Amino acid sequence: MSAHLQNINETRALVVPAHKRRRAASERPNWHLTAIAIVIVGAYLFPLYWLVSTSLKSPDQIFTSPPTWVPTPLDFSNYTTAVFDNPVMLRALGNSLIISIGATLLTLLLSAPAAYGLARLKLRWTGVLLLPFLIAQLLPAINVALPMFTLFSQWGLVNTYSGLILANTVGTLPFAVIVLRPFYLTIPKELEEAAAVDGATRFQAFFRIVLPLVRPGLVTVAVFAFVMAWGEFVFGLTLSTQREMQPVTVTLNSFIGQYGTQYGPLMAASTIVAIPLIIVFIVFQKHITSGLASGSVKD
Amino acid sequence: MTISSSTTSRGAGFSSAPRQGQRTANWRGALSRYGFVLPAMVFLAIFMLYPLLYTVNLSLFDVNAGNFLAGGAPFVGLDNYKEFIASPGFIPSLVVTLVFTVGSLMFQHAIGFMFALFFNRGFPLSALLRALMLVVWVLPAVVSASLWRWIFSGSYGLLNSSLGLFGISSSEPWLVNPNTALIAVIIANIWIGIPFHMMLIYAGLQGVPEQLYEAASLDGASAWKRFRHITVPMMQPVIIIALLLGFVHTFKVFDLIYVMTAGGPAGATNVLSIEVYKLSFEYFRFGDGAAAANVLLLIPLLLSALYLWLRKREESTQ
């Protein structure tokens with residue numbers, strides 16, 4: 001906040017009587033606003049309801065006008081056809097799990113020390129070193145995927161889990177470093193200095209003292225990396241040309257060509273792809289909110 | 001504690017190598033300082049920087065399906081760039097990209113801003129409802145794309161069958177019609193982008209002191225005047241950053257459009273990123289694709305420079 005506005009604040013604080021200022025804060029809860037909010041948020045999320053409800057309908061309930069708003073009875077056959085009896089889809093879900101977890105671990109492994117280094121050590125060129133991480137966040141995925149395909153063809157990394165894990169980490173690592181750095185900035189230096197007095201090396205101090213203190217940050221980064229890798233599409237599309245190695249997002253896309261207008265199975269498969277992220281979201285909602293705010297606005 | 005007395009000397013010894021030490025100790029100090037950052041830097045150098053430079057190299061050669069693996073592609077200088085910019089598809093593709101980006105961004109930001117202002121009024125359950133909206137943001141783009149394909153479907157899609165409720169009988173295949181496909185894709189992207197803008201603006205609004213509004217209302221300022229003269233000026237840095245980031249993120253959108261229309265019909269949604277993909281992975285003209293990719297990179301790069309400059313300026317005023 002600028003000094004100018006701080007002055008305004010102080011002036012107002014003097015001018016406006018204290019009891020008048022306080023009244024606004026202690027108003028009755030605005031339940032009528034809650035009601036409006038429920039309607040608005042409900043309307044906003046309606047397409048999501050449509051996704052899930054379509055997946056639970058039989059074909060004669062899907063293709064109706066006016067639309068069938070509530071599926072009765074619930075029909076789970078779309079899930080059987082599209083996912084549980086579909087070995088391609090099951091394999092793709094497994095691939096995505098391996099790739100996402102791999103990318104998450106690699107992201108943590110690289111970003112945890114890097115963000116610490118950028119936050120703590122008074123490097124002469126912290127700003128310069130931070131630059132590639134900031135720019136990398138803004139790169140179009142296709143710009144990395146195109147040369148990566150030619151390079152990975154030479155290196156034998158096309159159609160491998162390692163190739164996809166490495167590619168995904170290019171997307172997640174810069175974000176992780178930017179999100180994680182502020183967490184380290186909040187840890188008082190005195191803690192490490194105390195460890196140094198006790199004869200610990202810098203690496204020991206980092207692992208034993210600092211790292212446990214930034215656990216919330218590490219969780220945030222892990223959640224983001226997993227969410228990003230699970231939903232990633234461009235690297236999957238370009239770097240896995242064999243069906244057995246494709247992540248589930250790519251398989252879902254080829255489903256669209258395959259199933260055409262059979263929207264029941266398509267919505268069932270889409271719901272299954274979304275479910276792991278929705279679970280992660282519900283469990284780690286606070287981490288996502290804080291990470292989004294800290295990573296994107298400032299650090 | 002006794003530590004505090006010795007921290008200064010110890011602290012200094014920690015980060016800067018001891019001046020009186022030998023050359024080896026000095027080197028070890030530097031090594032440990034950069035050691036933390038090094039693995040990530042090496043990783044990005046190999047898997048990001050090198051591929052980007054490799055693209056520049058690729059764009060100067062006529063690499064295609066025939067010589068891609070065998071090698072020996074002829075050097076063509078800047079011909080790939082000239083060809084791409086002069087190709088009949090370039091200008092329409094650039095226009096589609098800009099319309100998609102600006103159209104999405106305007107509404108994402110405006111609607112996100114309104115949501116943020118609304119949630120900022122504070123009411124029971126507001127945090128929960130706000131968090132619920134973020135579900136859309138974590139959804140994989142492919143899932144959102146297949147959902148909106150279904151909504152815009154000609155036969156019994158939600159849009160058409162809802163129009164039926166108002167007595168409008170429609171079987172318009174919105175994504176197949178070249179006149180409506182781009183608008184449909186923009187609508188889907190607006191839906192996806194609202195939570196991002198809402199979050200950024202909401203976080204920014206938390207920093208606007210409540211007393212400013214209270215004082216203004218005591219002075220008889222209307223809600224609009226309070227928004228115009230307090231919210232907007234106070235939020236200006238956040239608005240600029242949200243718009244810049246939003247622009248860069250929207251300019252490069254690939255997956256949503258690829259899954260919804262694959263750039264069709266008749267190029268109506270053929271954004272630059274799709275064009276790059278087609279050149280390289282459908283026509284296997286990697287040289288042309290690389291040149292197109294570098295053209296695609298140019299605009300976000302310029303905006304990134306602006307973003308970094310603004311960041312720096314904001315940091316220095318804090």
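In the predicted model, chain A and chain B bury about 10,300 Å² between them. Carbon and sulfur atoms account for 80% of that area. Chain A brings 113 residues to the contact, and chain B brings 107. Three residues, A:Tyr44, A:Leu138 and A:Leu146, supply 8% of the area that chain A buries against chain B.

The rule finds zero salt bridges between chain A and chain B. Nine residue pairs are in polar contact across the interface, both residues of each pair being at pLDDT 80 or more. On the side of chain A that touches chain B, helix H3 (residues 31-55) of chain A gives the most, with 16 residues. By class, this side of chain A has 82 nonpolar, 21 polar and ten charged residues.

Within chain A, helix H12 (residues 215-231) packs with helix H15 (residues 263-283). Their axes lie 10 Å apart, at an angle of about 170°. H12(A) is therefore roughly antiparallel to H15(A), because angles over 145 degrees count as such. H12(A) makes the contact through A:Val223, A:Phe226, A:Val227 and A:Trp230. H15(A) contributes A:Val273, A:Pro276, A:Leu277 and A:Val280. The contact of H12(A) with H15(A) has eight nonpolar residues.

Methods. Residues numbered from 1 in each chain as written. Chains lettered and ligands numbered in written order. Predicted model: local features only at pLDDT ≥ 70, side-chain atom pairs only at ≥ 80, totals over all residues. Heavy atoms only, no water. Axes fitted to C-alpha atoms, helices over the stretch in contact; angles between N-to-C directions. Helix = DSSP H or I, 4+ residues; strand = E, 2+ residues; numbered from the N terminus. Parallel < 35°, antiparallel > 145°, perpendicular 65-115°, else oblique. Contact = heavy atoms within 4.5 Å. Nonpolar A, V, L, I, M, F, W, Y, C, P; charged D, E, K, R; others polar. Buried area = accessible area lost by both parts, 1.4 Å probe. Salt bridge = Lys/Arg side-chain N within 4 Å of Asp/Glu carboxyl O. Polar contact = N/O pair within 3.5 Å; in protein donor to acceptor, adjacent residues only side chain to side chain.
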